[in-house]
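This briefing is for a reader meeting the structure for the first time. Please look over the sequence and the model before going on to the notes.

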Amino acid sequence: MMVCEYKPGLEGIPAAQSSISYVDGQKGILEYRGIRIEELAEKSTFLETAYLLIWGELPSKEELKTFEHEVRYHRRIKYRIRDMMKCFPESGHPMDALQASAAALGLFYSLRDLHNPVYIRESVVRLIATIPTMVAAFQLMRKGNDPVRPRDDLDYSANFLYMLDEQEPDPLMARVFDICLILQVEHTMNASTFSARVTASTLTDPYAVVASAVGTLGGPLHGGANEEVIQMLEKIGSVENVRPYIEHCLQTKSKIMGFGHRVYKVKDPRAIILQGLAEQLFEKFGHDKFYDIAQEMERVVEEKLGSKGIYPNIDFYSGLVYRKMGIPTDLFTPIFAIARVAGWLAHWKEQLAENRIFRPTQVYNGLHEVTYTPIDQR
């Protein structure tokens, strides 16, 4: 019998062949379909990048216009889904609300025609269009307010920010938000993408695929880390407290949120871009004292742990950007999901092309031939 080597977390074990994105963790390189993330952040839009990831190439002017039009006019959600969301507890986390709502979409679009390109495109458009509406709707409903209707005259990112408070966003804020979505849309075989591909391999519908991935993304070791970064900065409170806090974490072997990455051994290229975006917002809308704390943390952590390849990841600065936009902390991860849906759908589509259901093995370390003990003798 072959003995398999056990790798906790499947670290270093390829789970798929993919042409969607590429990471070089030693050099700090991230590419989507071969295009560097820095170039896409500077020149592209979220919907153009989503099209690139899902269909494998940049769209023509007409293709992009058609895709944007389709997404724009599928933003509204069924009234029964809204009614369902009104029954969610106000204290519930928005990620839980999003997971339930995404899964509920499958009830309304239950036809499962995975070999039909029309079905695939309609599913892609519907999920990319409605996920932001659901996130914004729950944010208002849990405060006892009716959701804000999408505005067809606003682009993808500006419309989402508008639906949060019914105020048309500043153009810089809308553009920064759009870039944030580009940075968060895809990142090779991370936990939620693996979850999406495993679910997709069973040939269930894409709504179940996205709901599965949303549940995975909500964990504090994955997408939820950006919320915990802000909580950590609040706890530290001042620049003077940074070094004692870091030293205490090292002594107690506690995790420092927003630092370290399974792949990157240099500063995450997305964190570099996010830091620049944060500074643009601070310059126009005022400074945030948490940024001073964050910069000091980066200096101290590099001093203490830089030799081990531990540097800021995407979660470290994304929270500061969203905080400056006035976005509640517990919406940070749902926004991550708004972006990542397009990446999950790209992997869903790729998985369908050469599907084989995932069925890994295990290394059994339990007992054998144990005698059953009757209940009155235990």
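The model is predicted. A search of the whole structure gives 14 aromatic pairs, and two of them are described here in detail. The UniProt annotation "active site", from an unreviewed entry, covers His 261 and Asp 315.

**Aromatic pair in helix 2**

- Tyr 51 and Trp 55 form a pair with ring centres 5.0 Å apart and planes at 40 degrees, so the pair is tilted. The angle falls between the limits of 30 degrees for stacked and 60 degrees for edge-to-face.
- Both residues belong to helix 2, which spans residues 46–55. Tyr 51 and Trp 55 are 4 residues apart, about one turn of the helix.
- Tyr 51 counts as buried because its relative accessibility is 8%, under the cut-off of 20%.
- Trp 55 has a relative accessibility of 24% and therefore counts as partly exposed.

**Aromatic pair between helices 15 and 16**

- Tyr 322 and Phe 332 also make a tilted pair, with 5.7 Å from centre to centre and 45 degrees between the planes.
- Tyr 322 is in helix 15 (residues 314–324) and Phe 332 is in helix 16 (residues 332–353), so this pair ties together parts that are 10 residues apart in sequence.
- Both Tyr 322 and Phe 332 are buried.

**Other features of the rings**

- Phe 259, Phe 282, Tyr 291, Phe 316 and Tyr 317 are linked into a cluster by ring pairs.
- Two arginines lie over ring faces. Arg 126 is over the face of Tyr 109, 3.6 Å from the ring centre, and Arg 151 is over the face of Tyr 162, 5.0 Å from the ring centre.

**The residues annotated as active site**

- The record's "active site" annotation covers His 261 and Asp 315. These residues are spread over 55 residues of sequence but cluster in space, with a largest C-alpha distance of 10.3 Å.
- Both His 261 and Asp 315 are part of the lining of the largest pocket.
- His 261 is placed in the loop between helix 12 (242–252) and helix 13 (269–285).
- His 261 is partly exposed because its relative accessible area is 24%, which lies between the cut-offs of 20% and 50%.
- Leaving out residues up to four places away in sequence, His 261 touches His 187, Asp 268, Arg 270 and Asn 313.
- A polar atom of the His 261 side chain lies 3.3 Å from the backbone nitrogen of Tyr 264.
- Asp 315 is in helix 15. Its relative accessibility is 8%, so Asp 315 counts as buried.
- Beyond its neighbours within four places in sequence, Asp 315 is in contact with His 222, Gly 223, Ala 225, Asn 226, Val 229 and Phe 336.

**Ser 21**

- Ser 21 is found in strand 1, which covers residues 21–24.
- With a relative accessible area of 13%, Ser 21 is buried.
- The side chains of Ser 21 and Glu 186 are joined by a polar contact of 2.7 Å. The Ser 21 side chain also reaches the backbone nitrogen of Thr 188, at 2.9 Å.
- Not counting residues up to four places away in sequence, Ser 21 touches Glu 31, Tyr 32, Arg 33, Glu 186, His 187 and Thr 188.
- His 187 is touched by Ser 21 and also by His 261.

Terms used. Residues numbered from 1 in each chain as written. Predicted model: local features only at pLDDT ≥ 70, side-chain atom pairs only at ≥ 80, totals over all residues. Heavy atoms only, no water. Phe/Tyr/Trp six-rings, centres within 6.5 Å; stacked < 30°, edge-to-face > 60°. Helix = DSSP H or I, 4+ residues; strand = E, 2+ residues; numbered from the N terminus. Buried < 20%, exposed > 50% of the residue type's maximum accessible area, 1.4 Å probe, protein only. Lys NZ or Arg CZ within 6 Å of the ring centre and 35° of its normal. UniProt positions renumbered as here; feature names shortened; annotations may be inferred. 1 Å grid on protein atoms, 1.4 Å probe; cavity = no way out; pocket = protein on both sides within 12 Å on 5 of 7 lines; lining within 4 Å. Contact = heavy atoms within 4.5 Å. Polar contact = N/O pair within 3.5 Å; in protein donor to acceptor, adjacent residues only side chain to side chain.
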